[in-house]
Amino acid sequence: MGVMSGPHVIRGSVSLPEAELMWRFSRSSGPGGQHVNTSDSQVELRFDLAATEALPEVWKERALQRLAGRLVGGVVTVRASEHRSQWRNRETALVRLAALLAEATAPPPKPRRKTRIPRGINERRLREKKQRGETKRGRSGRDW
């Protein structure tokens, strides 16, 4: 069919090494006619996160911590079976794994610094509310 689209970059210059990816194929569930009964189109991609040397140590620890609920013995598993083609399912699984690892290895967000609303802004808001209320009150038919 063709060559899979290059090394899947996680972030920066770090990419998934093809040698550390473990593939498993099985029959996909759902509709698909006679062809689906004979072809192994479902893809299961496994990546040993605990043993990999491809990720920097800091990223690895961060990913192990964040993906703790998804890991089985330090291995993260991704499944794809949306497409009828095994090839497209392989692509989908690879993209999903790369996205999952990119999110899990991302640096934590900077802590939010509390800021106060300046007094002038608050006073202006209250003044405008008061004016609006006066305008609306003036519309009532009491004085007519």
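1. Start with Glu123 and Arg119, which pair up in a salt bridge in this predicted model. Their closest N and O atoms sit 3.2 Å apart. Both belong to helix α3 (residues 119-139), and because they are four residues apart there, about one helical turn separates them. Glu123 has a relative accessibility of 40%, so we call it partly exposed. Arg119 comes out at 65%, which puts this arginine in the exposed class.

2. The spacing here is three residues, so about one helical turn lies between Glu134 and Arg137. Glu134 is partly exposed at 47% relative accessibility, and Arg137 is partly exposed as well, at 46%.

3. Salt bridges can also share partners: Arg24, Glu44 and Arg79 are joined into one network that way.

4. Now look at Arg96 and Glu82, whose side chains meet in a salt bridge at 2.8 Å, N to O. This pair ties together distant parts of the chain, 14 residues apart. Arg96 sits in helix α2 (residues 86-105), while Glu82 is in the loop between β5 (75-80) and α2. Arg96 has 33% relative accessibility, so this residue counts as partly exposed. Glu82 is also partly exposed, with a relative accessible area of 48%.

5. How many salt bridges are there by this rule? The count is five. As for the general idea, side chains of opposite charge can pair when their charged atoms come close.

Key
Residues numbered from 1 in each chain as written. Predicted model: local features only at pLDDT ≥ 70, side-chain atom pairs only at ≥ 80, totals over all residues. Heavy atoms only, no water. Salt bridge = Lys/Arg side-chain N within 4 Å of Asp/Glu carboxyl O. Helix = DSSP H or I, 4+ residues; strand = E, 2+ residues; numbered from the N terminus. Buried < 20%, exposed > 50% of the residue type's maximum accessible area, 1.4 Å probe, protein only.
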